[in-house]
Amino acid sequence: MRSLKLFLLLSLLVASAAIALPTTPSEEESFMDDNDDAAEENSDIPLQENQETTSSLRGTKRYLAQETRGVQMTCDKYPRVCRAKGSPGPDCCKKKCVNVKTDKLNCGKCGKKCKYPEICCKGVCVNPMSNKKHCGGCNNKCKQGSQCVYGMCSYA
């Protein structure tokens with residue numbers, strides 16, 4: 001009787017180990033491994049760019065997500081690119097679309113950088129920790145008679 005209990009206990013232990021640690025890959029894993037080489041060979045877009053375009057342009061047609069070959073749409077050659085919907089800003093600085101009214105690296109004009117604690121508000125570098133007109137962020141004015149301290153109006 002004791003050996004029967006020991007046998008059942010060992011068989012349960014082996015069965016639970018077999019369930020917890022499968023030794024063969026699942027059908028889905030082996031399918032993915034088999035197609036990795038084929039996907040790399042058939043794709044005319046590098047893998048990294050392909051992943052970025054599918055995540056950033058969801059729902060668009062594939063031909064829209066691909067970069068056009070031979071023609072680079074940079075704002076130094078085509079300034080209207082910066083005025084398109086979804087552009088970071090209407091201004092062109094060093095071949096990149098930016099908004100000189102809010103960009104810390106191009107505040108007011110291309111190449112003008114704001115110092116460490118400062119932010120760019122309406123094209124001017126300001127310190128949001130102490131500026132009454134931009135306390136804690138752009139266009140956050142403190143009431144008359146109150147001070148801006150640590151980015152908060154009337155602190156303490």
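This is a predicted model: local features need pLDDT of at least 70, side-chain atom pairs count only at pLDDT 80 or more; totals for chains, interfaces and linings use all residues.
Which hand does the disulfide of Cys135 and Cys148 have, given the torsion about its S-S bond? The torsion is about 90°, so this disulfide is right-handed.

The protein contains four helices and six strands. Along the sequence these elements follow the order α-α-α-α-β-β-β-β-β-β. The protein has 156 residues, of which 17% count as buried. Its accessible surface amounts to about 13300 Å², and carbon and sulfur atoms account for 56% of that area. Among the contacts in the protein with a separation of 6 or more, 1% are between residues 24 or more positions apart.

Disulfides were considered next. A disulfide is a covalent bond between the sulfur atoms of two cysteines. The link of Cys93 and Cys110 is left-handed, with -75° about the S-S bond. Cys93 belongs to strand β1, which spans residues 91-93, whereas Cys110 is found in the loop between β2 (96-98) and β3 (119-121); the pair therefore ties together parts that are 17 residues apart in sequence. The two partners can also be described by their accessibility. Cys93 has a relative accessibility of 5% and counts as buried, because the cut-off for that class is under 20%. Cys110, by contrast, has a relative accessible area of 45% and is partly exposed, since this value falls between the 20% limit for buried residues and the 50% limit for exposed ones.

A further disulfide joins Cys114 and Cys125, with 2.2 Å between the sulfur atoms. Its torsion about the S-S bond is about -85°, so this link is left-handed. Distant parts of the chain are connected by the pair: Cys114 sits in the loop between β2 and β3, and Cys125 in strand β4 (residues 124-126), with 11 residues of separation. Both cysteines of this pair, Cys114 and Cys125, are buried.

The disulfide of Cys135 and Cys148, with which this passage opened, has its sulfur atoms 2.1 Å apart. The right-handed assignment follows from the torsion of about 90°. Here too, distant parts of the chain are linked, with Cys135 in the loop between β4 and β5 (148-149) and Cys148 in strand β5, 13 residues apart. Cys135 and Cys148 are each buried.

Empty space in the model was examined as well. Rolling a probe the size of a water molecule over the atoms shows where empty space is left. The second largest pocket holds about 160 Å³ of space. Its lining consists of Met73, Val81, Ala84, Gly86, Ser87, Pro88 and Cys97. By residue class, this lining comprises five nonpolar residues and two polar ones, with no charged residue.

Backbone geometry draws attention to two loop residues. Lys95 has a phi near 65°, a positive value in a residue other than glycine. This lysine, Lys95, is placed in the loop between β1 and β2. At 47% relative accessibility, Asn139 counts as partly exposed.

The relative accessible area of Val124 is 44%, and the residue is partly exposed. When residues up to four places away in sequence are not counted, Val124 touches Cys107 and Ile119. Between the C-alpha atoms of Val124 and Asp103 there is a separation of 9.8 Å, and these two residues are 21 residues apart along the chain.

Technical notes
Residues are numbered from 1 along each chain as its sequence is written. Side-chain values use heavy atoms; hydrogens and water are left out. A disulfide is a pair of cysteine sulfur atoms within 2.5 Å. Buried means under 20% relative accessible area, exposed over 50%, partly exposed in between (1.4 Å probe, protein chains only). On a 1 Å grid over the protein atoms alone, a cavity is a set of points where a 1.4 Å probe fits but cannot get out, and a pocket is an open set with protein on both sides within 12 Å along at least five of seven lines; lining residues have an atom within 4 Å of a point. Grid points are joined across faces, edges and corners, and a volume is the space filled by probe spheres set on the points. Ala, Val, Leu, Ile, Met, Phe, Trp, Tyr, Cys and Pro count as nonpolar, Asp, Glu, Lys and Arg as charged, and the others, Gly among them, as polar. Contact means heavy atoms within 4.5 Å. Accessible areas come from the Shrake-Rupley method with a 1.4 Å probe; for residues, only the protein chains shown count as cover.
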